[in-house]
Amino acid sequence: IMSLPQQLREQSDFDQLPLNIPISATIADIEEKKGFIDYYRFVIEVKTKGESKYLIYRRYREFFNLHQILEARYSPEDSDKPGPNTCILPPLPGKIYIGNKKEIAESRIPELNTYMKRLLGLPTWLLLDEALRMFFYQTEQDCEQQPRALRRLRPPTRKVKQVKSQKMDLFSSPRAEAMFDFRGNGKAELNLKKGEVIFLLRRVNADWLEGTVNNQTGIFPETFVKIIKPLPESDSEGEGGGHTYSCLRCFLLTPSGVDTRDVCVQEDLSIQPTYKDLLSRMRNVFKVDDIALNYRDPEGDLIRILDDEDVQLMIREGRRQQDKVKRPVNQFPWELYVTMASDLSVYNVEA
């Protein structure tokens, strides 16, 4: 049992911590990230000592990397004899190599919640560790994300649309009627009174809409209104809508023939994927592990891709040839040629 002087010292140490130090974190949801490689990440609500809240998005491997860093710095060599600058870290659930990714992510939620609770309950001096703080801090990338399926959290504050002060056509515009009074929380949210007609601008997520009423523009929960005329499908950005897909053409070259695939990804055509992500995606597409990635130069020779710099060269070459080869608007200007890793032959392919 902690003595009174020790309790007072612990409280004093806590009082001296900065207000932006995270003191609790809870997983609010999981989200599937689709692209060159598909994976699930955890949407985590973090609370700080200064009582602010924010969302961060982390993959399991980021938990794993953090734990390794903390173990190297603070785990005692002998767990029975911890030193002054060491502590016993909570156990992290181990890696899982086989199984359904969504089910694995779901099953980890309670374990990771317990892990974060114990981690943020360690001695106050450890909460100042740089790696720990960076893991729980909200990065620019975190700020740019918009939660789609978080039922209990409001959408992030965002810049609302500028609407021209023209008179709305009551009979042709998408609109809704307020069924209850709603008091907005902050400038980004509308105040609604029962019976008011709101002109709809767009869907924010599955539960929130953006609209204008009384010359004010903002967001509001759909449950507070009755839709009179819905938004057109193209303006909906909720679940199942708003995604544009790009197409990557890839060829698996074997002595018995060529297997051509068009792979759909959510990445923009201008993106440069990592070599690692491309290799992982091609292994998944063709169900072969021992493969190598290549691109075809203007002379028709296959050039082996070994790292991110080679990917950059491939993209540059593809853009250079873009004018000569007519491709669909949503298709990448570069193509991938997949061969067996041990095979150095060059196959003839009609592009």
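Let me start at the second largest pocket: helix H7 gives the most to its lining, with seven residues. Helices and strands here are DSSP runs (H or I of at least four residues for helices, E of at least two for strands), numbered from the N terminus.

A word on the source. This is a predicted model, so local features need pLDDT of at least 70 and side-chain atom pairs count only at pLDDT 80 or more, while totals for chains, interfaces and linings use all residues. Residues are numbered from 1 along each chain as its sequence is written, and side-chain values use heavy atoms, with hydrogens and water left out.

Back to the pocket. Its volume is about 1100 Å³. On the method: a 1 Å grid is laid over the protein atoms alone, and a pocket is an open set of points with protein on both sides within 12 Å along at least five of seven lines. A 1.4 Å probe is used, and a lining residue has an atom within 4 Å of a point. Grid points are joined across faces, edges and corners, and the volume is the space filled by probe spheres set on the points.

Which residues lie nearest the centre of the second largest pocket? They are Ile37, Asp38, Arg59, Ile96 and Lys101, out of 26 lining residues. At least two lining residues come from each of S2, helix H2 (60-74), helix H3 (101-119) and H7. By class, the lining has twelve nonpolar, three polar and eleven charged residues. Nonpolar covers Ala, Val, Leu, Ile, Met, Phe, Trp, Tyr, Cys and Pro; charged covers Asp, Glu, Lys and Arg; the others, Gly among them, are polar.

Why does this pocket lie between domain 1 and domain 3? Because domain 1 (11-146) and domain 3 (244-350) both give residues to its lining. Those bounds come from an automatic or database domain assignment.

Next, the sheet that holds S2. Three strands form an open sheet, order S1-S2-S3, with antiparallel pairing. Pairing requires at least two DSSP bridges between two strands. Strand S1 (22-33) and S3 are the edges, each pairing on one side only. From one strand to the next, the twist averages 25°. Those angles are between N-to-C directions of lines fitted to C-alpha atoms, for helices over the stretch in contact, and run from 0 to 180 degrees. S2 and S3 are joined by six bridges. Across that pair, Val46 stands opposite Tyr54 in S3.

The loop between strand S2 (39-48) and strand S3 (53-58) holds Glu51. Glu51 is not a glycine, yet it has a positive phi of about 70°. Glu51 is exposed, at 73% relative accessible area. The cut-offs are under 20% for buried, over 50% for exposed, and partly exposed in between (1.4 Å probe, protein chains only).

Lys287 also has a positive phi, about 55°, and is not a glycine. Lys287 sits in the loop between helix H7 (275-286) and strand S11 (291-296). Its relative accessible area is 66%, which makes Lys287 exposed.

Now the five-stranded sheet. It is open and antiparallel, in the order S7-S6-S5-S4-S8. Strand S7 (216-221) and strand S8 (225-229) each have a single partner strand, so one side of each is left without a neighbour in the sheet. Neighbouring strands are turned by 40° on average, direction ignored. At one end, four bridges join strand S4 (residues 175-178) to S8, with Glu177 opposite Lys226. At the other, strand S6 (residues 208-213) and S7 pair over six bridges. There, Val213 has Gln216 as its bridge partner. The hairpin of S6 and S7 has two residues between the strands, and Asn214 takes a positive phi near 50°. Buried or exposed: which describes most of S7? Five of its six residues are buried.

Last, strand S9 (residues 246-254). Seven of its nine residues are buried, so S9 is largely enclosed by the rest of the structure. S9 pairs antiparallel with strand S10 (residues 257-265) over nine bridges. Arg249 has Asp262 as its partner in S10, and a hairpin of two residues joins S9 to S10. S9 also runs parallel to strand S13 (residues 336-340), with three bridges. Phe251 is bridged to Tyr337 in S13.
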